[in-house]
Amino acid sequence: MTRPCIASKADDPWSRIWFDTAPRHLAGPGDPRHVTQALRAAGWKSFGDPDLPHVVLASPDYRHTLVLEPTPETYGSWWRISSNHWHAFFGGNTPAEIIAGFTDALLHPPPEVEPDIWPALQAADWNYECDERGNEHARHPDGITTMERRATLTSDHFAWTAEVALPTGLGGHNRLWHAYFDDRTPRHLLAGFATALVDPAPVSRGHYDVPHSHLVTQVERGAQGDQLAAAHDARLKAIRTGARKARRTSAPTTRPASTPGVEATMPAARSL
């Protein structure tokens, strides 16, 4: 049966003309497959319902999960990434390339020494402050983008947030996107997020795919369909290779000694 011709963003990157768009943190959501297909390339399994507009993935050991579930609220938490000990949320307009800084770090073992988050922001000219309660705050030179670690008003429990908040002109603010991390989130994941947040490299977006065109610069033309597809395929190939290497490294190197005269009692493997 011939597939009907149905226009969809699933046809990207060939379905539109692409522009190099900067700064990336104001460029809008982009293609979520930059995150989801990377996780699947690393062995994450899909548990979503094909009749619902969502993606549900779990890591091979089931320790981590990702849910991408659009909500009626434009600025709601579309992305939810969790483990047994921590969780993180991202709004729908959070650029996929910045979320990937966080999720890509999940695919690597944690470093022996926890990284500091703030130096990456300070190196990008963000203004950093710390108050007497230990609250930490960094602000982008644009004045609308922040990242902070702050205690709640009613307790000493800390949480991390990052957001772009646009002034309304009436003393209020509208959030373009936000991210939330509880304080148990491993620091190397936060460092991956922060590094991707300040990366000066432009991202590819269609001319009308940015939430607020006046906040970004779009240069005609950046890499187009075949180039973008090739770069994405190379990214997935590198992740598959890394995942296979990690599995080989963690696999036992010796087989347990068998007991003479005792036959193996393991059941035969079932074909899938």
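Is Glu 148 buried or exposed? Glu 148 counts as buried, at 17% relative accessibility. Buried means under 20% relative accessible area, exposed over 50%, and partly exposed in between, with a 1.4 Å probe and protein chains only.

This is a predicted model: local features need pLDDT of at least 70, side-chain atom pairs count only at pLDDT 80 or more, and totals for chains, interfaces and linings use all residues. Residues are numbered from 1 along each chain as its sequence is written, and side-chain values use heavy atoms, leaving out hydrogens and water.

Start with the fold. The protein chain has five helices and 13 strands. These are DSSP runs, numbered from the N terminus: helices are H or I with at least four residues, strands E with at least two. Of the 272 residues in the protein chain, 38% are buried.

Now the salt bridges. The count comes to 14. Each puts a side-chain nitrogen of Lys or Arg within 4 Å of a carboxyl oxygen of Asp or Glu. Glu 148 pairs with Arg 150, with the closest N and O atoms 3.4 Å apart. Arg 150 is partly exposed, at a relative accessible area of 35%.

Next comes Asp 183, which bridges to Arg 149 with closest N and O atoms 2.9 Å apart. This pair links distant parts of the chain, 34 residues apart. Asp 183 lies in the loop between strand S11 (173–182) and helix H4 (187–198), Arg 149 in strand S9 (residues 145–151). Both are buried.

Finally, a network of salt bridges links Asp 12, Arg 16 and Asp 209. Arg 16 and Asp 12 have their closest N and O atoms 3.1 Å apart. Arg 16 is partly exposed at 24% relative accessibility; Asp 12 is buried at 9%.
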